[in-house]
Amino acid sequence: MNVIAFYIAAAIAVLTTVLVITRKNAVQALLYLAVSLISVAVIFYDLGAPFMAALEVIIYAGSIIVLFIFVVMMLNLGKRATEAESKLLHARMWIGPIILAGILIAELAYLLAQGNTRVGAAHVIPPRDVGLALYRPYLLGVEISSMLLMGALVGAYHLGWHKQRKPETQDANREHATSPDAGRGPVRTGSGRTVGAP
Amino acid sequence: MATSLNDMMQTVPQWSDYIRILPEIVLSLFGMAVMMLDAVMDESKSQKALGAVALIGAFGAIGATLYQAQYPFGYGFWEMVRVDAFSIFFHFIVAAVTAVVILASFEYMEVQRIRAGEYYGLILFGAVGMSLMSSAVELVLIFIALEISSIATYILAGFRRRSATSSESSLKYFLLGSFATAFFLYGVALMFGATGSTSIFAISRSLESGNISLLAYAGLAFMFVGLGFKVAAAPFHVWTPDVYEGAPSPVVAFMSTAPKAAVFAVLLRVIFEINSPVPTRMWLIWIVAALSMTIGNIAALVQNNVKRLLAYSSIAHAGYILVAFAALPSSGIPAAMFYTAAYAAMNVGAFAVISHFGGEGERYVTMEDYAGLGKRSPLLAVTLTIFLLSLIGIPATGGFFAKFYVFSAALQANLVGLVIIGVLNSAIGAYYYLRIIVAMYMHEPKQEAPVAPIPMGAGLALAISVVVTIYLGVIPGRVLNYAQQSVSELTPVGQVVSLQAPHAVEARMATNVKKALAH
């Protein structure tokens with residue numbers, strides 16, 4: 001384990017996380033969040049857990065953050081949003097995350113080039129050990145996580161649910177109105193939200 | 001107690017492993033069955049049927065728990081879960097509360113026009129997490145179980161979507177609850193850093209063997225903050241009144257008892273196992289217990305909304321239970337367990353009354369609405385009176401023995417100051433519970449219209465709650481004996497556990513695989 005590399009990456013992680021919660025622009029905050037996650041990945045690599053480092057980048061920085069950014073960028077439709085988006089191209093927006101990410105890349109390149117950094121770590125955990133831990137002692141944890149996701153899915157479905165109102169069944173629906181949304185007003189065309197929904 | 005070498009070598013779960021999580025399996029299967037049936041059945045007819053399926057699931061979980069009690073106790077899934085009298089006690093509370101709450105929800109769903117499918121599904125999924133929490137002895141697994149239970153209750157709190165207070169309740173609970181869970185997770189991480197393990201027994205052994213680092217103290221404190229939030233103990237209680245006020249009443253009955261019982265089970269295990277080598281644990285719990293009792297009771301004095309009043313009362317009762325935590329394990333653990341059971345019975349009952357009386361949109365929840373209830377619906381008034389008397393701690397109700405055992409456990413541990421604070425608080429508490437009783441019997445009703453007759457589901461739920469409350473107050477011996485017996489089966493405090501920690505199993509398995517690969 002390279003101590004200096006650890007402290008650099010840790011400092012970047014703390015700094016970017018503070019920036020995430022202080023930035024007013026959502027996209028900029030998310031860029032910092034991506035850098036924060038990558039710096040955690042570098043720490044993992046430095047500690048002798050290359051598999052975790054890869055997972056961190058692939059799952060968090062790779063898929064979740066990219067999804068966040070897509071959603072945030074696509075949500076604001078209209079003229080104001082277009083103006084806001086053109087601002088994103090300003091150097092002011094991305095220069096900070098780029099510099100910090102550059103430092104991390106340099107650090108990672110140094111660690112990779114050095115090659116023997118892992119000698120200092122307690123021991124390197126290969127993917128096989130992770131798999132063995134997950135499918136032996138933590139088997140129940142892995143399986144019960146599916147119940148967690150199931151519960152969250154049902155919850156998300158409930159929150160996002162609204163009565164489908166097809167023209168021919170509209171009256172029938174109104175008659176036995178068992179839904180919380182029944183009689184709440186028409187569905188706004190194309191928006192997928194009921195009137196008055198937040 | 002020590003697992004044989006054969007068990008260590010096992011590569012797939014054995015039959016016995018599945019029996020150790022039988023209630024969770026039953027609840028999960030029925031939860032999924034409810035969701036499936038909801039998808040294929042006609043919505044106008046399915047509501048009662050789904051409730052019935054969920055009810056069978058909850059009773060199935062009770063049956064599974066009873067079956068577990070007959071089966072030899074021990075570890076399952078590589079020492080991730082431990083089934084003993086202690087976990088069976090809490091399994092039973094969770095499953096029974098789930099069943100009674102489902103019964104109480106039967107008519108409520110129709111009155112409030114709530115879609116039943118997700119509601120019953122989420123209650124069963126939540127019960128899976130709560131059930132698992134009480135038998136898990138590994139902090140990562142406890143965390144996952146805690147999250148399952150929390151996510152289900154966040155959504156359930158906001159189930160009356162047309163009501164703004166319900167949505168507020170859900171959002172508030174979600175934001176603060178996630179924050180608290182993060183505290184718990186951070187505590188687990190620090191504890192892992194200090195001891196190199198997330199197994200409760202391995203942590204306990206590691207702390208016994210050497211001097212305890214600051215990291216371990218910090219980890220324990222963070223975990224206590226996270227769990228303290230979930231049971232609504234005093235410095236972390238601010239969310240409780242708003243959430244209980246907005247959430248549907250049957251859901252409040254559920255979330256103020258079942259998850260609390262499960263989290264108290266975790267706290268008991270964590271505090272009495274991990275913290276056992278730390279003699280100075282008392283003062284922290286002492287302060288939290290005293291604060292919870294005092295803040296809860298004093299704030300409840302000025303409440304006019306009965307749901308908010310019971311929310312503050314629930315903070316106070318968390319304080320009474322924590323008094324037992326400050327006592328010695330031999331008397332404190334059974335006292336806390338008994339209190340949890342008694343509180344579950346009386347609180348579920350009280351909220352079942354509130355949910356029936358509230359009517360559509362839960363309109364009737366203030367003190368003025370309860371005025372003259374004794375004339376308008378004598379049966380409902382008598383039932384609520386029994387629960388309120390039990391919450392005060394009047395003899396012949398479960399609440400009396402619960403308080404009695406807790407305070408005598410504290411006296412045995414020489415915590416005279418805490419007992420004095422507790423008894424004074426009980427006196428303060430009597431005032432506001434009596435206020436409701438006085439309003440019901442002595443004040444003139446605002447409206448003369450009789451209350452809707454108690455429907456069958458709610459009636460059954462009330463009957464069960466009344467019977468259990470009085471049973472615990474008249475013949476507490478059996479339940480208390482079971483609680484005491486379960487303490488002797490918990491790993492005795494201070495004894496070096498002759499078990500292999502999960503990571504030891506893991507290491508051994510890794511070498512086995514290496515050998516196999518070499519061939």
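Analyst: In chain A of this predicted model, confidence is highest in H1(A), at 93, and lowest in helix H8 (residues 170–175), at a mean of 42. The score is pLDDT, the predictor's confidence in each residue, from 0 to 100. Over residues 166–198 of chain A the pLDDT is below 50. This stretch still has 40 contacts in the model beyond near neighbours in sequence; contact means heavy atoms within 4.5 Å. For chain A the mean pLDDT is 77, and 71% of its residues reach 70 or more.

Residues are numbered from 1 along each chain as its sequence is written, and chains are lettered from A in the order in which they are written. Local features need pLDDT of at least 70, side-chain atom pairs count only at pLDDT 80 or more, and totals for chains, interfaces and linings use all residues; side-chain values use heavy atoms, with hydrogens and water left out.

Now the helix itself. H1(A) covers residues 3–22. Helices are DSSP runs (H or I, at least four residues), numbered from the N terminus. Its 20 residues should span 28 Å at 1.5 Å a residue, because the expected span is 1.5 Å times one less than the number of residues. The end C-alpha atoms are 29 Å apart, which agrees.

The buried residues of H1(A) include A:Ala5, A:Ala9, A:Ile12, A:Leu19 and A:Val20. Buried means under 20% relative accessible area (1.4 Å probe, protein chains only). Their cover includes helix H2 (26–46) and helix H5 (91–114) of chain A.

Methods:
Helices (H or I, at least four residues) and strands (E, at least two) are DSSP runs, numbered from the N terminus. Buried means under 20% relative accessible area, exposed over 50%, partly exposed in between (1.4 Å probe, protein chains only).
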